[in-house]
Amino acid sequence: VFYDARGSAIYEEITDLAVYYPTRAETEALLQHADAMVDALGDGRPVSVVELGAGTALKSVILLRALHARGATTFVPVDVSPTALSLACERVAREVPGVQVHAIVSAHEPALAALPPHDGQRLLLFLGSSIGNYEDPAAIALLRHMRHAMRAGDALLLGTDLRKDIPTLLAAYDDPQGVTARFNLNALVRINRELGGHFEVGRFRHQALWNEEASRIEMHLMSLGRQQVRIDALDLVCTFEDGETIHTENSIKYDTAHVDRLLEPAGLVRQASFHDAGHRVAVHLIRPG
Ligand code: TRP
């Protein structure tokens, strides 16, 4: 619901925020360990990198550069935003010339199901802790789809955010400039445009809170005052009490044991984990089990 053209652009703004550590920490982990990752991965065959939710491929080029230095590399960025993908294509052409790019405008699961059979090595990329936006059963289901797109010798690089002190977590999801608020509220803008909704966006307030039991940041939109909102396409009228919230998203924070609990039922095993210097995030190298 968040990643239309406007949402994708606002998310790019989030990744530039000083308080939003996940992107910078993951970039740092990739810069520091790209060669070690590629060493652990490589079996000499040409590599096809399939990235789910590639966005503008800012982080992907770090790995593509390391892979391309060793042999033939192709890049298949998958994203629901064609705008983001065309920027990704331009970036790769500019920064890692020689890498072939075949972009796919698609959601994750249909793209995985539609990948052609492959001869070389396939490397799936799922970065940005996007797995944390799925509750465990849905995360396992998505990982299973990834597993089905893999054969012996293939690999997955999975980025996860890690549990840490609560103020740092909360600040990352509630920045003083209000960029994250705009991102969250864009879900309502989108319902207005695409479903004939009548939300007054100014009458909802962005809220981020920590749920310890579920180990996740929750994003909510809180109703300012009692209000009724029509959504024409659904022939629906929603009533919101003052202070009632719409729970829009989760961002789960993991430890290693939690990651392994997701991988095992999906038929995957963690081979190695790489971190930024501050151990804020992890990038796991995962193989078919
Ligand atoms: N994958 C991002 C994350 O969990 C998504 C995200 C960042 C997000 N900020 C948000 C989702 C605010 C909803 C609202 O870190």
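Student: How many cavities of 30 Å³ or more does a search of the whole structure find?
Tutor: One. The model is predicted, so local features need pLDDT of at least 70 and side-chain atom pairs 80 or more, while totals for chains, interfaces and linings use all residues. Residues are numbered from 1 along each chain as its sequence is written, and side-chain values use heavy atoms, with hydrogens and water left out.

Student: What makes that space a cavity, and what lines the largest cavity?
Tutor: On a 1 Å grid over the protein atoms alone, a 1.4 Å probe fits in a cavity but cannot get out, and lining residues have an atom within 4 Å of a point. The largest cavity holds about 30 Å³ of space. Its lining is Pro22, Glu26, Gly128, Ser129, Thr160, Asp161 and Val281. Helix α2 and strand β6 (155–161) each supply at least two of its residues.

Student: How does that lining divide by class?
Tutor: Into two nonpolar, three polar and two charged residues. Asp, Glu, Lys and Arg count as charged, Ala, Val, Leu, Ile, Met, Phe, Trp, Tyr, Cys and Pro as nonpolar, and the others, Gly among them, as polar.

Student: Why is something called a pocket instead?
Tutor: Because a pocket is an open set of points, with protein on both sides within 12 Å along at least five of seven lines. The largest pocket has a volume of about 1200 Å³. It is lined by 49 residues, and Tyr3, Tyr11, Gly53, Asp79 and Ser130 are the closest to its centre. Elements giving two or more residues to this lining include α1 (5–15), β1 (47–52), β2 (73–79) and α8 (179–195). The largest share comes from α1, with seven residues. By class, you get 24 nonpolar, 18 polar and seven charged residues.

Student: What about the second largest pocket, and which element gives the most to its lining?
Tutor: That's β1, with three residues. The second largest pocket has about 200 Å³ of space. Of the 14 residues in its lining, Ser48, Thr74, Pro116, His118 and Arg122 lie nearest the centre. The classes there are eight nonpolar, five polar and one charged.

Student: Which residues of α2 and α3 meet?
Tutor: Thr27, Leu30, Leu31, Ala34, Asp35, Met37 and Val38 in α2 meet Ile62, Leu63, Ala66 and Leu67 in α3, where contact means heavy atoms within 4.5 Å. This contact is made of nine nonpolar, one polar and one charged residues.

Student: What are α6 and α9 called relative to each other, and why?
Tutor: Helix α6 (residues 136–148) packs against helix α9 (residues 256–263) at about 60°, with the axes 8 Å apart. That angle falls among the rest, so the pair is oblique.

Student: And which residues make that contact?
Tutor: From α6, Asp136, Ala139, Ile140 and Leu143; from α9, His258, Arg261, Leu262 and Leu263. They split into five nonpolar, one polar and two charged.

Definitions and conventions: Helix = DSSP H or I, 4+ residues; strand = E, 2+ residues; numbered from the N terminus. Points joined across faces, edges and corners; volume = space filled by probe spheres on them. Axes fitted to C-alpha atoms, helices over the stretch in contact; angles between N-to-C directions. Parallel < 35°, antiparallel > 145°, perpendicular 65-115°, else oblique.
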